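Q: I would like to learn how to read the features of a protein model, one step at a time. Could we go through them together, with a general idea before each case?

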Amino acid sequence: MSLTRSEPPLAGAPVEVRDGALVEAHGGALVEVRDLTWRPFGRREPVLSGVSLRIEPGSRVLLAGPSGAGKSTLLRALAGVLTTTESGDFSGSVLIDGAPPAGSSVGLMMQDPDDALVAGRAGRDVAFGPESFGMPRDEIWSRVRTALASVGFPYDEDRPTNALSGGETQRLALAGVLALTPRLVLLDEPTSMLDPSSAAIVREAITSAVRASGATLVMVEHELSAVVRGVDRLVVLDPDGRVSADGPVGATLETSSELLVAQGVWVPGVPAPRPLEVDRALCAPAATRSAGVSVSPGDQVLVSAESVSVTRQPRASVMSAKRHLPAVQALVDVCATVSAGECVAVVGPSGAGKSTLTALMAGVDTPTLGQVRAGAALLAGSGTDVPEVIHGWTSRALAARFGWVPQQAEHVVVARTVREDVLSTSRLLGLDDEAMQARVDGLLKVLGLSALAGADPHHLSGGEMRRLALAGAIAHGPSVLVLDEPSVGQDRLTWSAVAGVVVAARDAGVGVVLATHDPLLIALADRLITLSAGRVVDPEAGPSPSPRASALSTVGAATSQGGRWAGLAGRSGPLSVLLASVVLIFGAAFISDLRTALIAVGIQIALAPVVLGVGRPPWFRLLPGLFAVLSVGFSNWLLSPGHELSTGVLAGLRVAFFVLPGVMLAARIDPSTLGDHLGQRLRLPARPVVAAVAALHRFESLGEQWDQLVRIRRVRGLGPGRSPRARGHHLAALTFGLLIQTLRQAGRMAVAMEARGFSAAATATVTAPVGAPARRRTWAESARWLLADSLMLALGLAVAGIPLLLSRF
């Protein structure tokens, strides 16, 4: 047994590492909840109603209940972040060790792991909490590496967070909680997106960490059988947000089994639920209904993927990390088909490429190699102008034949109410409105959403949002239904409804493709496609030893820059690069004639290989800057007396002198490293610096969110029309949708940051005793000023001084 010991600044007891698990030696926290009631604004009924609990230190509590019962809300209340971004009526009290929840004693893992991402690299993301609580740098990285290893994270700490699958992101989020070694651990469905083997590793990591440290655990899970042995108490919330059962696990399950099953709790030992009997007419394809054709299972191929490969190139933006990011080979030479009346399950470990393949089969993504073709059965009745390759279909043609539920179900919202959202595609397709309203009402009833028909979709729970996405994907009668993890977050009753819709759709002649880890859903499939490392494998042979490792190494080697000169900017820190960009603005003020402008810009071009390195310049990054240069030049030419061309050219070159180098240099700045330098070298306040860095990382993901919104609107029939007015309307709708998504994600990220100690340093400074040293945020990486930084700044000053020298001589 290995044992190391150190003293963290915000904990009064030592931290240990035993057998690879982080251990906080001072045990668990006492939790007291007294008559807690919470009703968010916009809801008529409270989400939580009169909840009272006392959880003794070191207890391991499993929190269960039906979908929408308020389990995630209760966890946020225990973490003290319930009102961080939400407003509503709050009454009662929550105390941790006799005080309101705060500090490193509480760690919260949220339901959607993407909400917790605050850094561009895995190691820095896990380090966020220890940094916030002022831990020494050596201890931060010890905690980071141990936490990543304990959850079976398959990459090192330099892995870009935007290259992770949903399951890998879930492991990373859990590592961020364990790195804090909190006295109260709050986990919201920590294994919901993991394959069984990965989920077992994560559950073992949770059990080991909690038992070794003595921490108090409150964990939300729908599937109880896999976790009951690791907990000693079961608390169940009913659909009204009240405690309906509470006690030791065995006794509670024995005495309240029937009640819990009736409420939808996955009680161990009780036979699995059967799919709900759903009227096939609610799920029948519109083409089949109109033609009155009966389709036999498997007799008509609807979609076929022919030797498709997908290579994900790293997305470059105005500001991105200066280190080289390899391309990701998501799929390699995969063939797949789905026929009418057939259910095909795509299975495999986390990160195997399941979501990528399902997106191809839904027609919302394009393969790098190969093609995805529509079969004759799908093309029938689609018109002569519809090509065989489905990526070329118009939005209307795609929506008429396909329904798609992505892994991030909340992105599918396209209307203001639940009912209008489900009706939107059928109305755009011009289907009979009266018949469609009856069909939608039937689907909402089956999926348990009737009571929420008039609610804002954004106020739904995670499980409710997935059922809404399913209703919206099937309501208009597609011939192909593609679902990505449709059963995540469902209780027994809602799982039965989801499975019933899947079975009814298949039996009605729909070709169903679903990516899932759910063994009960897999058992309903007619055929399996097993993926590992982006390739179809024999399920009997098992997964590859390292998912995606071979593909990553191949593509990374092919795209690496080898020993090429990375440029002075590549060897410099972000502060010198930023300062070098800023000083060019002052130099532009001395460009007063065309000769000076041409010489100054020419010198910049000559120095570009020295500063930016050797290689193909990413010209597309310059497009915003070039647009600014042309706009300024054109406006000055237009407004000049006699429309002097030289006046416009001079104005454009003056702007180009500082804008274009600034854009190229900004691309070499890593947001996390910039934050390190601003906080350590310039000693700017930590909170605004950290918030700005997190916002910059979110800014980096806006392109991906935009692409996802484009896919969703396209498959829902909301793609751009051909007229300029229609395209303008589409662009405005996308922009508004992205704004809404960004604001909501920012709110959830704020909750995640608060749960990981974002305000800890500021709070500790205010509450520190008189005369005691104030605790300050620490930084996981140093901000050194190197010789290259001095050279970079000197070169920037020299180039900025060229116009001044030319004007004098």
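A: Glu-139 is buried, and so is Arg-143, and both belong to a model that is predicted. The idea to carry along is that a residue counts as buried when its relative accessible area is under 20%.

Q: Which kind of link do Glu-139 and Arg-143 form, and how far apart are the closest N and O atoms?
A: Glu-139 and Arg-143 form a salt bridge, in which the closest N and O atoms are 2.8 Å apart. Because the two residues are 4 residues apart in helix α3 (residues 137-150), about one helical turn separates them.

Q: How many salt bridges does a search of the whole structure find?
A: The search finds 26 salt bridges. Among them, Arg-183 is joined to Asp-97, with the closest N and O atoms 2.3 Å apart. This pair links distant parts of the chain, since Arg-183 is in the loop between α4 (166-178) and β9 (184-188), while Asp-97 is in the loop between β7 (88-96) and β8 (106-109), 86 residues apart. Asp-97 counts as partly exposed because its relative accessibility is 36%.

Q: Where are Glu-388 and Arg-373, whose side chains meet in a salt bridge?
A: Their salt bridge has an N to O distance of 3.4 Å. Glu-388 is in the loop between α10 (376-379) and α11 (395-401), and Arg-373 is in strand β16 (residues 369-374), so that the pair, 15 residues apart, links distant parts of the chain. Glu-388 is partly exposed, with a relative accessible area of 40%, and Arg-373 also counts as partly exposed, at 22%.

Q: Which residues are linked in a network of salt bridges?
A: The network links Arg-121, Arg-124, Glu-131, Asp-158, Asp-676, Arg-777 and Glu-781.

Q: How should I read a pair of aromatic rings?
A: A pair of aromatic rings is described by two values, the distance of the centres and the angle of the planes. In this structure the search finds 5 aromatic pairs. One of them joins Phe-153 and Tyr-155, and because the ring centres are 5.8 Å apart and the planes are at 80°, the pair is edge-to-face. Phe-153 is buried, with a relative accessible area of 9%, and Tyr-155 counts as buried at 15%. Trp-266 and Trp-495 form another edge-to-face pair, 6.0 Å from centre to centre and with 80° between the planes. These two residues are 229 residues apart, with Trp-266 in the loop between α7 (257-263) and α8 (286-291) and Trp-495 in helix α15 (residues 492-507).

Q: How many residues of β6 are buried, and which way do they point?
A: Because 5 of the 5 residues of β6 are buried, the strand is largely enclosed by the rest of the structure. Arg-60, Leu-62 and Ala-64 point one way, whereas Val-61 and Leu-63 point the other way.

Q: Which strands pair with β6, and in which sense?
A: Strand β10 (residues 216-220) runs parallel to β6 and is joined to it by 4 bridges, and strand β11 (residues 233-237) also pairs with β6 in the parallel sense over 4 bridges. Leu-63 stands opposite Val-220 in β10, and its bridge partner in β11 is Val-235.

Note on methods: Residues numbered from 1 in each chain as written. Predicted model: local features only at pLDDT ≥ 70, side-chain atom pairs only at ≥ 80, totals over all residues. Heavy atoms only, no water. Buried < 20%, exposed > 50% of the residue type's maximum accessible area, 1.4 Å probe, protein only. Pairing = 2+ DSSP bridges. Phe/Tyr/Trp six-rings, centres within 6.5 Å; stacked < 30°, edge-to-face > 60°. Salt bridge = Lys/Arg side-chain N within 4 Å of Asp/Glu carboxyl O.
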